[in-house]
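Hi,

Here is the structure I said I would pass on, and my notes on it follow below. Have a look at it first, then read on.

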Amino acid sequence: MSREGVLDALASICGADAVLSSAEDLVPYSFDGTAALKMRPSAVVFPRTTAQVAECVRLAAATSTPIVTRGSGTGLSGGAVPTPGCLVVCLTHMDAILEVDPRNLTLRAQPGAITQRIDEAAGRHGLFYPPDPGSQRISTIGGNVAENSGGLRGLKYGVTRDYVMGLEIVLADGQIARLGNACVKDVAGYSLKDLFIGSEGTLGIITEVLLKLVPRPLARRTMLALYDSIEDAAETVSAIVAARIIPCTLEFLDRVTAGCVEDYAHVGLPTDCEAVLLMETDGHPAAVADEAAKMEEIARSHQARDVRTARNDAEALQLAAARRNAFAALARRRPTTILEGVTVPRSELATMVSFIAATAARYELQIGTFGHMGDGNLHPTFLTDERNADEMDRVHRALDAIVTRTLELGGTITGEHGVGLAKKPWLRQQMGDASYTLMKQVKRAVDPHGLLNPGKMFD
Amino acid sequence: MRTLHTLDYAVLQQCMHCGMCLPTCPTYDATKKERNSPRGRIALMRAIADGELSLTKTFADEMSYCLGCLACQTACPAGVNYAALFETARSDIEREQLNAAPSRRFWRRVSLGFLFMHPRSLRAAGRLMRAYQRSGIEAAVRQFGLTRFLPPALARLEPQAPRIASRFSNQLIARQEMPKGTAKYRVALLTGCVQDLVFPEVNRDTADVLLANGCAVDTPSPQPCCGSLHAHNGEADLARELARRMLDLVPPDRYDAIVTNAGGCGSHLRHYHHLLEDDERFRERARAWDHKVRDAHEWLVDIGCRPPAAAPFSRPATVTYHDSCHLAHGQKITQQPRALLEMLPGLTLVPLNESTWCCGSAGVYAITQPAQAEALLHRKVANIASTGANVLATANPGCQIQIARGLREAGRSVDVMHPISLLARAYRRENDT
């Protein structure tokens, strides 16, 4: 079928105003939140129902048109970057929150529902949806599930996977499968929903999610600890965990990052210290008071220059919101901002942090580092210029050195952003031959014609 | 002459497409399509700069669908200067005449090219308009349905036209006015165009409030348009010409502050240096000017505004505050107007949901994009109604006209006033008690 034929067929499935095909409409769908990756798709379609998604998939299968599924396009590994000639299936119009069930502590939503709206809907029932990726104000829950997104609260509350109870999936042949259910316990068959969580759009299209909610914490306290050395901040994190305290957030910003965030958000972050730890504890008021006091004491005994407590909820929210924008705020310094997401076991944090600093010096590069220190998840961010070939070459060599060192320390190439295109070169190195091959066999079994997000994760 | 091709590429590259602007963009919110979002528009501009896309009518339409509200600039962690990109794109579009239609060209020449270049002619046109509104001709035209002979856009707008004032700022304010006692500051007061024709009393009120706070007030006359309308609508050369005239009329070194009370004007007035950076003769004066321009609320809070002893109304009132886009996003001024309102006795300030969401006025947007403008107005009116306030305060004449009409058409009796006017009322009532 010709491109025009496909466009006509899509229009008859979803309506003419739900299909985009002009250059002006396609250029803005050529990229996601990942730096320096772009490819113009052949068309974009906006289905409104699961049945329409299934019909689009059948049409794509019949015409051998690759599909790239997309939500708000905020991903940071290139997962939603189009592949050549592809059809982008954009789910932003399927954004309804279908049900909050306070008796079962669950929430059912369409994939295009915005992450923050989901937590707000839960909040109206005194409930809580904890995963809070940096882009939660605009990221979609479908994208979060497909990438198994993390966030600032991973330390205590885990990641998206820990909250997915059920999924509705359109498979590569257009069949609709329902996986999982509202039961707390369920060991019937393979846990297929888990296969689709973090599958980055390569196995199926998520058209509905059933999420687990938890009671909303009654109290929270947010603190900032300031350090003259990054190692002291890293040691503080290890000491807090060793003291059997699991705060909901232990976020770290280095001097460069804190400076950029303060330029943007004006929330009173200090810009003259080497490291800032944003610490937050939540839960029962008595437990919160106790943990906060202990964390402050530990920070001070690890040479924190100062420990400040947010005066009220508004200030605490401002600090967390400012931290969420750290990555984009770093773009203030140089034209191109390349984000890493290496993660190491927490005992290796201080080693990794020093290695990153040494690598920056060795390759004469500017790196701003921040991250979820409590999770061992760091975001060294290269501040560079994609037009400078020599510098970009050094960036790639430094990146390779950091990833290799991460793997030596028993870490992972991506803690929460996914493999997509950005981490593809190192996946085999991390997984080893047997598991890498197994993964490709799974892909071939579920999507034999390679229709869904081809070329992502592996070839 | 800067175009998308010659613009410093770093300005375009600054956008790292993180998407944080999307939830704050009223047009993306309406369609959920990337082209209608800031990062989508920037991607189009970058494709044009890279030669991957040519300047097309579709691009021109997209740029006129953009409100230019600059909410994205507040949201942007990366610090993208969207205002500069937006104005450059619109200027490219005008140069290529992509929107060219004979009637559009005629009306642009009359308005941007003539009336808003010549303050005396603008006032004369204002007087004609007032005569039309007051003489019974307007009533007759409407009664006999003669508006059907107007072009459709005008016919639709005719009933929306704001009432022109009987006397303009220069008749209400002397060129130099001195405060009681010794003057602590010397300021210049800018009276604007729409403010001058429709709300000259806001200018009088501003002068009164400045005088009550120890400022000697110079109000040079006749003042040219600041050029904001021209810059926003792709007439960069005319905007530069007006900036030069303004700099000649109001030398910045003579004043402690150059005060403006209209959000839309202020946002433009603060960037003369950027506008005239290639003009050797005016560059330095423009830099000095930018340092002196102050929004009226900002200036009053800076100098420690005196709390009035009296209430603005005889009965207690509830007020809510709508942020003009170019005051909040263009100038980052959100706290000061609220601080002044909270200072007023007998007035309770209640928060307005989505207070920084555009009301749809956006310069000439109500003319060029009526459907989207109406949708935004309805949303704004619903938010205002849900506060239960009986006064809506806002600091931009475009917002004031738009929101007042929206409230009137919805049958809501809410007074729309400038915060400075409320302050002026309170000072005046000090003498009554």
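Let me start with one residue in chain A: A:Val6 touches A:Met1, A:Leu59, A:Thr63 and A:Thr65, leaving out residues up to four places away in sequence. Please keep in mind that this is a predicted model. A:Val6 sits in helix 1 of chain A, which covers residues 3–14.

Chain A is divided into domain 1 (3–90), domain 2 (97–215) and domain 3 (219–408). The C-alpha centres of domain 2 and domain 3 of chain A are 27 Å apart. Where these two domains of chain A meet, eight residues of domain 2 are in contact with 14 residues of domain 3. On the domain 2 side, the residues in question are three nonpolar, three polar and two charged.

The largest nonpolar core has 254 residues. Those with the most contacts inside this core are A:Val45, A:Val89, A:Val276, A:Leu277 and B:Val259. Which residues does A:Val45 touch, not counting those up to four places away in sequence? They are A:Leu10, A:Cys14, A:Ala18, A:Val19, A:Cys56, A:Leu87, A:Val89 and A:Cys90.

One backbone value in chain A may interest you. A:Glu200 has phi near 55°, a positive value in a residue other than glycine. This residue is placed in the loop between helix 7 (192–196) and strand 10 (204–212) of chain A. A:Glu200 counts as buried, because it has 23 C-beta neighbours inside 10 Å.

**Where the chains meet**

How many residues of chain B are in contact with chain A? There are 25, and they meet 28 residues of chain A. Helix 1 (9–13), helix 3 (38–49) and helix 4 (57–65) of chain B are the elements that give two or more residues to the chain B side. Helix 3 of chain B provides the largest share, four residues. By class, the chain B side has 13 nonpolar, eight polar and four charged residues.

**Chain B**

Four domains make up the division of chain B: domain 1 (9–95), domain 2 (102–160), domain 3 (169–302) and domain 4 (317–432). The centres of domain 2 and domain 3 of chain B, taken over C-alpha atoms, are separated by 27 Å. Eight residues of domain 2 of chain B are in contact with eleven residues of domain 3 of chain B. On the domain 2 side, the elements giving two or more residues are helix 7 (102–114) and helix 8 (119–134) of chain B. Helix 8 of chain B gives the largest share, four residues. That side divides into five nonpolar residues, two polar and one charged.

Chain B also has an open sheet of four strands, in the order 7-6-8-9 and with parallel pairing. Its edge strands, each pairing on one side only, are strand 7 (347–350) and strand 9 (415–417) of chain B. From one strand to the next the twist averages 30°. Strand 6 (residues 317–321) and strand 7 of chain B pair in the parallel sense over four bridges. Within strand 7 of chain B, B:Leu349 stands opposite B:Val319.

Why does B:Leu70 count as buried? The reason is its 23 C-beta neighbours inside 10 Å. Leaving aside neighbours within four places in sequence, B:Leu70 is in contact with B:Tyr82, B:Ala83, B:Cys325, B:His326, B:His329 and B:Gly330. B:His329 is 259 residues away from B:Leu70 along the chain, yet their C-alpha atoms are separated by 5.5 Å.

Two backbone details complete my notes on chain B. The peptide bond from B:Ser221 to B:Pro222 is cis, with omega near -5°. B:Pro222 is in the loop between strand 3 (215–218) and helix 14 (228–232) of chain B. B:Lys32 has phi near 55°, again a positive value in a residue other than glycine. The loop between helix 2 (26–31) and helix 3 of chain B holds B:Lys32. With 16 C-beta neighbours inside 10 Å, B:Lys32 counts as partly exposed.

Best wishes

Note on methods
Residues numbered from 1 in each chain as written. Chains lettered and ligands numbered in written order. Predicted model: local features only at pLDDT ≥ 70, side-chain atom pairs only at ≥ 80, totals over all residues. Domains from an automatic or database assignment. Contact = placed C-beta atoms within 7 Å. Nonpolar A, V, L, I, M, F, W, Y, C, P; charged D, E, K, R; others polar. Core = buried A, V, L, I, M, F, W, Y, C linked by C-beta atoms within 7 Å. Buried ≥ 20, exposed ≤ 12 C-beta atoms within 10 Å, placed from the backbone. Pairing = 2+ DSSP bridges. Axes fitted to C-alpha atoms, helices over the stretch in contact; angles between N-to-C directions.
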